[in-house]
Amino acid sequence: MFILVNLKTYPCDPVAVAEAVRDVDESTDARIGVAPQATHLERVAETGAETWAQHVDPIEYGSNTGHTLAESVADAGAVGTLINHSEHRLKLADIDGAVRAASRTDLETVVCANNPAQVGAAAALGPDAVAVEPPELIGTGTPVSQADPEVVEGAVGAAASVDIDVSVLCGAGISTGDDVVSARDLGSEGVLLASGVAKADDPRTALEDLVDPL
Ligand SMILES: O=C[C@H](O)COP(=O)(O)O
């Protein structure tokens, strides 16, 4: 299972969380990555944790003030990027452009989607993975794997029907090892989560709990 921890803009210490991600990753068969804010990428990558960007724009080098260039996040140490997170939605053409931009620098890609229909469209753009997240469950602590198992199973089917090589992650409300196991049982190859770790009193313990049953 791939556990991708998105720090969003939560007021946590990104380096401390990254060090916990690195250490817990070494103690488990699960793969763990962390997606800090763009300004924290370099410091997080220096910890040795698997580092992801939260976003890249569908642009190339040039006149793009305020945008995020795939080459720059790769230079900062990111190995992958989220695209089209529910909190940073893009038009379909821009999702396509962002996937292509990430591919230029060999960044792994996870395209987020609200539901199985969007997962099918996202999978057709050729990312490495898609992540299905019902927006209404994000940040609630109510896990998608329990509250809406059909959406996870639907996403797995939708991606497989388009491109069997596109992995499926699920997210929203995932915070315990049981949630991760439920996601796996529904066919998900990973989870995308944020508040369960970034807002935890002790992110390291939260990470250890997440991988404990795996
Ligand atoms: O990127 C992470 C997702 O939006 C899930 O957030 P959450 O774990 O706080 O529900």
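V119 sits in helix α5, which runs over residues 116-123. This is a predicted model, so take the details below as computed from it. V119 counts as buried because 28 C-beta neighbours fall inside 10 Å, and 20 or more is what it takes.

**Around V119**
- Leaving out residues up to four places away in sequence, V119 touches A113, V130, V132, A155, A158 and A159.
- V168 is 49 residues away from V119 along the chain, yet their C-alpha atoms are separated by 8.8 Å.

**The core and A155**
- The largest nonpolar core holds 69 residues, and V5, V130 and A155 have the most contacts inside it.

**Where α1 meets α10**
- Helix α1 (residues 14-26) and helix α10 (residues 203-211) have axes that come within 9 Å and cross at roughly 30°.
- An angle under 35 degrees counts as roughly parallel, so α1 is roughly parallel to α10.
- The α1 and α10 crossing is right-handed.
- On the α1 side, the contact is made by V17, A20, V21 and V24; on the α10 side, by P203, R204, L207, E208 and V211.
- Sorted by type, the residues of this contact come out as seven nonpolar, no polar and two charged.

Technical notes
Residues are numbered from 1 along each chain as its sequence is written. This is a predicted model: local features need pLDDT of at least 70, side-chain atom pairs count only at pLDDT 80 or more; totals for chains, interfaces and linings use all residues. A nonpolar core is a set of buried Ala, Val, Leu, Ile, Met, Phe, Trp, Tyr and Cys residues joined through C-beta atoms within 7 Å. A residue is buried if 20 or more other C-beta atoms lie within 10 Å of its own, exposed if 12 or fewer, and partly exposed in between; C-beta atoms are placed from the backbone. Axes are lines fitted to C-alpha atoms, for helices over the stretch in contact, and angles run from 0 to 180 degrees between N-to-C directions. Helices (H or I, at least four residues) and strands (E, at least two) are DSSP runs, numbered from the N terminus. Angles under 35 degrees count as roughly parallel, over 145 as roughly antiparallel, 65 to 115 as roughly perpendicular and the rest as oblique. A crossing is left-handed if the near helix is turned anticlockwise from the far one by less than a right angle, and right-handed if clockwise. Two residues are in contact if their C-beta atoms, placed from the backbone, lie within 7 Å. Ala, Val, Leu, Ile, Met, Phe, Trp, Tyr, Cys and Pro count as nonpolar, Asp, Glu, Lys and Arg as charged, and the others, Gly among them, as polar.
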